[in-house]
Amino acid sequence: MNRSSEKIYILTDHLFRHEAGKMVAVLTRIFGLPNIELAEDIVQDAFAQALKEWTFKTPENPAAWLMMTAKNKAIDILRRERHKKNYEEESSYNSQYEYSSIPIIENLFMHNEIKDSQLRMIFACCHPSLAYADQIAFTLKICSGFSIDEIAAALLSNHETIKKRIQRAKKYISDKNLKFDIPEGNELKKRLDVVLHSVYLLFNEGYNSGNKSELIRKDLCEEAIRLGLMLTENEYINQPKCFALVALMALLSSRFESRLNTDGEIILLEEQDRSKWNTELINLGMYYLNKSSEGNEISDYHVEAAIVAEHSIAKNFNETNWTRILQLYDILTKINSSPVVLLNRAIVIGKLSGAEKAINEIDLIPDVTKFKKTNYLFSAVLGELYSQVKKNSEAKKFFEQSLSLTNSEAEKKLLRKKMSAVS
Amino acid sequence: MKEFLLLFRGTDTKPDYSPEQVQAQMQKWMDWVNGIAQNGKFNGGNPLFDTGVTITGTKKVVTDGPFMEGKEMLGGYISVSAENYDEAVAIAQNCPILDGETGSVEVREVRPV
């Protein structure tokens, strides 16, 4: 045991969590998807060993130590299996696992193969046969190393629900004997869409959720970006829309710090202190937005990222290029004409031609009467627009309705503030 | 300056600890040992395997395996320098093993011969 008195040992943030994702992925590749729990047990075991040993001797490279320990434990298990089998039937040794040759396993623990295994795992966790809610919980558990309680806290759910989702997902991928691979060709195109959607939903859980803890929300956003970046690193997968999604998430995240004030109240884009926007994330977003244009495909992530980018490059709110943003929304509605997209487009029209015009646009949205009653965003926007045209009683009615439709404390605070201004 | 052994028994973690919790606990242990080392009071230490063998009595009876319940299991030790028991106990009181219900630290002064 050696420990120089000068050296301070600080572990990098989320080291264990990130390594857990890697280790489970590689081990699952060795033992097969039906044995994913064995992979999780080995990881837990390696962590327990680290906890015992590192106090006394911290490895020079903690991440490498964890991987090495996982590898040794995997090899032990395979040797034991081989040993047992040798007694049973000497001639034909067939492992129940995917791989049993030691050199192949050594190779699976090489850097590139680890990344490959992680991608296979993302595709398995975001399998189109699983409901999105299950995909997200499962991805957080397996790819991101969250515990059930941490997932429940992050997704504003409870232990039992999340546990069920994960069990359901595990059972599915194990019963169906799914291949642990990266899909190819047309299949890849379809499967990738599901993966990207799931990653974006995960991001939105962090960015838009009513979760009180900023730390948790930020954590989810970072995790989604990390998964997105992983997809961009692989030359078979990195289609333009992967870059576009990373760009979108990075650009949105750049405003994370300026979106809420110290009392947890929402600060609107108009009033945000733009000097607080994270330039590193803006640059990252712009870099990937640029890369996303290398192709002839335009996804909704492309257009959404371009819209967010317009705000990012405007020096202040007054210099926002609303004409350009409206053009982008017009393109977006051709790809995705969801009510929320149309609502946002109407807001932009309001910026260009006045609130009256925006209200008219909103009334043209299909099924708008339903959304006015069920979606807090619709009534919040209408409240704001009516207050701009000084129809205070209308405005108040919509703000009240919106209040009853949101659970987010931050949203509620903002709505109350707006409501008192028109009362 | 006298030498004291701090013997850790039991555990401070649960089997279902999440990676983040493992990391937080790990950082606590490192900070604790770092703190002792920075004061120049850390002499060394080691973890122990959970398995072992006991040899008892004149008949030299050999018993396999861990000898007792989890909470009595010796998991590791460190040696620290301290002026007296009070100081050694003060160091031991910050030991992260005490975060666990079953965790305990035994403080023993080394008798020089």
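Analyst: pLDDT is the predictor's confidence in each residue, on a scale from 0 to 100. This is a predicted model, in which local features need pLDDT of at least 70 and side-chain atom pairs count only at pLDDT 80 or more, while totals for chains, interfaces and linings use all residues. Residues are numbered from 1 along each chain as its sequence is written, and chains are lettered from A and ligands numbered from 1 in the order in which they are written.

For the complex, the predictor gives an ipTM of 0.87 and a pTM of 0.86. Chain B has a mean pLDDT of 90. Its confidence is lowest in strand β4 (residues 61-64) of chain B, with a mean of 84, and highest in helix α2 (residues 85-93) of chain B, at 97. Here helices (H or I, at least four residues) and strands (E, at least two) are DSSP runs, numbered from the N terminus.

Chain A contains 20 helices and zero strands. An automatic or database assignment supplies the domain bounds; among the domains of chain A are domain 1 (9-109) and domain 2 (126-234). The centres of domain 1 of chain A and domain 2 of chain A, taken over C-alpha atoms, are 23 Å apart. Between them, 12 residues of domain 1 of chain A are in contact with 10 residues of domain 2 of chain A (contact: C-beta atoms, placed from the backbone, within 7 Å). On the domain 1 side, helix α1 (residues 15-31) of chain A provides the largest share, eight residues.

How values were computed: Contact = placed C-beta atoms within 7 Å.
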